[in-house]
Amino acid sequence: MRIGVLTSGGDCPGLNAVIRSVVHRAVVDHGDEVIGFHDGWKGLLECDYRKLDLEAVSGILARGGTILGSSRVQPAQLRNGVEVAKNHLEELELDAVIPIGGEGTLKAARLLSDGGLPIVGVPKTIDNDIAVTDVTFGFDTAVGVATEALDRLKTTAESHQRVLIVEVMGRHTGWIALNSGMAAGAHAIVVPERPFDITELAERVGARFAQGKKFAIVVVAEGAKPRPGTMEYDEGGKDIYGHERFQGIARELSLQLEQRLGKEARPVILGHVQRGGTPTAYDRVLATRFGWHAVEAVHRGEFGKMTALQGTDIVMAPLAEAVETLKTVPDERYAEAECVL
Ligand code: F6P
């Protein structure tokens, strides 16, 4: 068989591990040929690719980023590109394409699949917000990076008796905020799923100082928003890909908390450091398993699906199901993280 693979959307630790696994399983075990499209869907639409053999994927298991490059494509460009993509698949005599990506990529994968292309998806995102799969690779690495940052920030916050408001990634969901906040023992965790009331948050942090504690750490997901009518906040509109342009919730919270508590407050934005660098062992294993199962699905002709972790098993889940909703932090999980100040 001939298989094409591509990585699309924001990069994520573990992408190279999937590419390597796809090539190993396909080439070594099935005698397939694999090509990699450059820079995501753009490579498929422009027929820009290179051959991926064992040599091409040698030494990339632990490397962050993606050797194929990635990009975002506007939804309209893809809608108009279904026929072009189909023609390129025929020209290249490809039997299947394996796109590795997050919410936007999987929606595009579904679109192309509905248009008749043989697609097997692999979910990725540090945000961990893809439905149907228990976990996405990249998340464990991001939580580790955020937790280490929080541990470090605690000591400097304590030395200066400050409130540090640490902004982590998470556009629509607070999984990174929740898990890193729990792991590091943050004093408040603010997630998009639960719009916050600034007065309640200030009271919560203030209560800690009233107990004689000298510092506080607040973790906030970048997509967190105030409860309507409780605080002025410029939501910033959307970019050309339909993604919200965040205006810096940590900065806003630090201004508010400083004013309300009379304590020095500083925003810290972790940003893309959460996505860079080497994946954890957990993410390498999950990514490798996803790659292996994606190739098996191609050989079974199980198209229009993506790999998913359910419990300890990798299963194939319909793309349609996976892109229907986002996996948000449920109230019960948030309740478990409620910490004692
Ligand atoms: O979707 C993954 C993600 O890392 C989000 O957490 C974040 O909002 C976004 O990508 C950032 O995207 P960009 O790399 O385009 O700034």
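How many Å separate the centres of domain 1 and domain 2, taken over C-alpha atoms? The answer is 33 Å.

Hi everyone, and a quick word on what we are looking at. This is a predicted model, where local features need pLDDT of at least 70 and side-chain atom pairs count only at pLDDT 80 or more, while totals for chains, interfaces and linings use all residues. Residues are numbered from 1 along each chain as its sequence is written, and side-chain values use heavy atoms, with hydrogens and water left out.

Let's start with the domains. Domain 1 covers 2–138 + 279–322 and domain 2 covers 142–276; these bounds come from an automatic or database domain assignment. In the contact (heavy atoms within 4.5 Å), domain 1 takes part with 13 residues and domain 2 with 14 residues. Together the two domains bury about 1200 Å², with 52% of it on carbon and sulfur atoms. Buried area here is the accessible area, for a 1.4 Å probe, that two parts lose on being put together, summed over both. On the domain 1 side, Arg72, Ile126 and Asp127 supply 45% of the area buried against domain 2, more than any other three residues.

The rule finds one salt bridge across this interface; that term needs a side-chain nitrogen of Lys or Arg within 4 Å of a carboxyl oxygen of Asp or Glu. Elsewhere in my notes I also have a salt bridge between Asp11 and Arg275, with the closest N and O atoms 2.9 Å apart.

Now, the pockets. A pocket is an open set of points on a 1 Å grid over the protein atoms alone, where a 1.4 Å probe fits, with protein on both sides within 12 Å along at least five of seven lines; lining residues have an atom within 4 Å of a point. The largest pocket has a volume of about 980 Å³, a volume being the space filled by probe spheres set on the points, which are joined across faces, edges and corners.

Its lining has 39 residues, and Arg72, Glu103, Gly104, Arg171 and His243 lie nearest the centre. So Arg72 turns up in both stories: the buried area and this pocket. Each domain gives at least three residues to the lining.

Which residues lie nearest the centre of the second largest pocket? They are Ile189, Glu200, Leu201, Arg204 and Tyr334, out of 16 lining residues. This pocket has a volume of about 320 Å³.
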